[in-house]
Amino acid sequence: MKANINLFWVLFAFCVVADIAYIIWSLVDPIHGGRIEWVGTLGIGLAGVLSGFIAFYVSAVHRSQGGVLPEDRLDANIDDGDPELGFFSPWSWWPVMLAAALSLMFLGMAVGFWISIIGAAIVAISLVGWVYEYYRGNFAH
């Protein structure tokens with residue numbers, strides 16, 4: 001994790017230096033007539049700002065997590081970083097139906113609003129079916 005943080009800070013410093021060099025180059029270049037070429041200057045500068053944001057965020061997360069995570073240690077086992085994520089239905093078709101209904105709803109936003117109404121109804125049916133899947137049928141408990 002620490003190597004990733006350092007990598008983004010190095011990328012930030014490189015983009016700042018490259019942006020300064022690009023500005024100087026465009027001022028010296030006779031083709032541009034001593035003017036700054038703004039597209040490249042802003043592009044390189046914004047890439048530097050973005051890498052600085054990422055470096056700051058990753059370092060803040062690293063500080064707040066209170067130490068090294070198991071996946072960052074070389075001596076950790078797979079089970080050390082394997083939390084319980086919950087129960088997932090192994091043979092459920094409701095997520096597939098929900099995804100198809102959502103795609104139908106978003107298709108309706110692009111093509112015709114009446115398709116979105118049909119998609120919203122199928123989304124409601126799919127959500128209810130997925131939530132109450134284990135309360136009826138073969139898997140009732």
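Buried here means under 20% relative accessible area, exposed over 50%, and partly exposed in between, using a 1.4 Å probe and protein chains only.

Some housekeeping. This is a predicted model, so to speak of local features we need pLDDT of at least 70, side-chain atom pairs count only at pLDDT 80 or more, and totals for chains, interfaces and linings use all residues. Numbering runs from 1 along each chain as its sequence is written, and side-chain values use heavy atoms, with hydrogens and water left out.

Back to T41. It sits in helix α2, residues 38–64. Leaving aside residues up to four places away in sequence, T41 touches D19, Y22, I23 and I36. Contact means heavy atoms within 4.5 Å.

Now the whole chain. It has 4 helices and 0 strands. The order along the sequence is α-α-α-α. These are DSSP runs, numbered from the N terminus: helices are H or I, at least four residues, and strands are E, at least two.

Next, dimensions. The C-alpha trace spans about 75 × 55 × 20 Å along its principal axes.

Burial and contacts. Of the 141 residues, 20% count as buried. Take contacts between residues at least 6 apart in sequence: 54% of them join residues at least 24 apart.
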